[in-house]
Amino acid sequence: MESVQAIKQRFGIIGNNAALNRAIEKAIQVSPTDISVLVTGESGVGKESIPKIIHQLSHRKHNKYIAVNCGAIPEGTIDSELFGHEKGSFTGATQTREGYFEVADGGTIFLDEVGELPLTTQVRLLRVLENGEFLKVGSSKVQKTNVRIVAATNVNMFEAIQKEKFREDLFYRLSTVDIHLPPLRDRQEDIHLLFRKFASDFALKYKMPTIKLTDQAVQVLLKHRWAGNVRQLRNIAEQLSVLEQNRTITAETLQSYLPNSKTNLPAVIKTSKAESDFSSEREILYKVLFDMKSDLNDLKKLTLELMKNGNAKEVEKKNESLIQKIYGSSDEDDAEYEETTEESELLSIPEHKIDHSESLNKSDKYHFAEEIQEEETLSLHDKELELIKKSLERHNGKRKLAAAELGISERTLYRKIKQYDL
Ligand SMILES: Nc1ncnc2c1ncn2[C@@H]1O[C@H](COP(=O)(O)OP(=O)(O)O)[C@@H](O)[C@H]1O
Ligand SMILES: [Mg+2]
């Protein structure tokens, strides 16, 4: 049996955390069997490697491995994708089509985001799991298949069961063995290790010197909550690698890339499963565009003021903080800001629970820093809202087209529409 270390090397898994090692060990142990495995853990913790390990170490390795993202397939077509359909079974079904369960006969199917499966599909899945039987959509002929299933979820399945969104019998059938991957914040020893690996990967990819963190920046890295886990860490490493001229990254620079937990931009925490280079480059562009648009709006505001008022000195005085935001601050102010951020670091106030009454009691400098952060968060939210609105308008409310244009999944767009009450 291959060792945990060897598997990590083979599958490019970085880290020495005990819980991570245990998860890999479990994957190795169950691989020769046909036991169903449920991989659990927050988004971005690295769940996708587990089914790959299981498949590659099993006797099924010469047959197909198919990964299906259940959350990304529209409800209307998922049965047909998984189980196939008979010619003429619905409008547009001009040909008989094989589903994944037929194609992967003898192999492994990875059902990612299994908690998103519609209830009707759950019934079909339960049947396959119990006796290997399934029906194509529109057919009454029972077919047999021999597929090993590994599923993954980042949602609380017990809650889903309670809300009757997920069948309890299917849950127990899927989770004969549970492999849990801990969130990145609980793997302190791995955070800097992962960052260095990503920094060196991106230096190679973009043919630039490797970025390096100062000791203080490492502390910021360790204290962050990493809601998007390894995926988010990788994104930040990529953004820094591409955008920072100075290859030594200070705590302040790093902090400016870390999202306030209130922001919800696609650039920050990625929920979409597309892991292509194209998508991460697009995200960097998003960030730059959002920042640029925010600057532009500030400039517009300032120009308008100047046109209306005519008295430059007066406008300058009135818009001091805005001007500082656009053009940066003088050296004196820089020093002040540096001190402030350090102070907040030492206080280690959780970003999502900043108490504003408390910040008022602190020195004025501190209050000032807080205010800037808040303003940026708000304007980014506004930008996102505006972008979504415009895109929907352009496509006459057609979500599919708008989502494609925005580079997010239809589901994410739907969530955002709800979030913003559009
Ligand atoms: N331990 C790790 N070492 C190296 N890369 C990792 C590790 N864990 C996750 N990643 C990377 O992070 C990204 C997200 O992982 P993924 O398996 O898609 O997360 P999940 O499926 O849990 O949302 C991928 O690019 C993956 O390669
Ligand atoms: Mg995933």
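1. Start at the loop between α10 (215–223) and α11 (229–243), where you'll find W226. Bear in mind that this is a predicted model. Phi of W226 is near 50°, a positive value in a residue other than glycine. Most residues other than glycine have a negative phi. Is W226 buried or exposed? W226 is buried, at a relative accessible area of 0%.

2. E113 is another one to look at: its phi is positive, about 50°, though it isn't a glycine. You'll see E113 in the loop that runs between β5 (108–112) and α6 (119–131). With a relative accessible area of 13%, E113 counts as buried, because the cut-off for that is under 20%.

3. Next, the sheet. It's an open one with five strands, paired in parallel and ordered β2-β5-β8-β1-β9. Which strands sit at the edges? Those are β2 (65–69) and β9 (177–180), each pairing on one side only. On average, and ignoring direction, neighbouring strands here are turned by 20° against each other.

4. Inside that sheet, have a look at β1 (residues 37–40) and β8 (residues 148–153): they run parallel and are joined by four bridges. V37 stands opposite V150 in β8.

5. Last, a helix pair. Helix α2 (residues 18–30) packs against helix α3 (residues 49–56) at about 30°, the axes being 8 Å apart. What makes the contact? From α2 come A23, I24, A27 and V30, and from α3 come I50, I53 and I54. By class, that's seven nonpolar residues, with no polar and no charged ones. The crossing of α2 and α3 is right-handed.

How values were computed:
Residues are numbered from 1 along each chain as its sequence is written. Chains are lettered from A and ligands numbered from 1 in the order in which they are written. This is a predicted model: local features need pLDDT of at least 70, side-chain atom pairs count only at pLDDT 80 or more; totals for chains, interfaces and linings use all residues. Side-chain values use heavy atoms; hydrogens and water are left out. Axes are lines fitted to C-alpha atoms, for helices over the stretch in contact, and angles run from 0 to 180 degrees between N-to-C directions. Helices (H or I, at least four residues) and strands (E, at least two) are DSSP runs, numbered from the N terminus. A crossing is left-handed if the near helix is turned anticlockwise from the far one by less than a right angle, and right-handed if clockwise. Contact means heavy atoms within 4.5 Å. Ala, Val, Leu, Ile, Met, Phe, Trp, Tyr, Cys and Pro count as nonpolar, Asp, Glu, Lys and Arg as charged, and the others, Gly among them, as polar. Two strands pair if DSSP finds at least two bridges between them. Buried means under 20% relative accessible area, exposed over 50%, partly exposed in between (1.4 Å probe, protein chains only).
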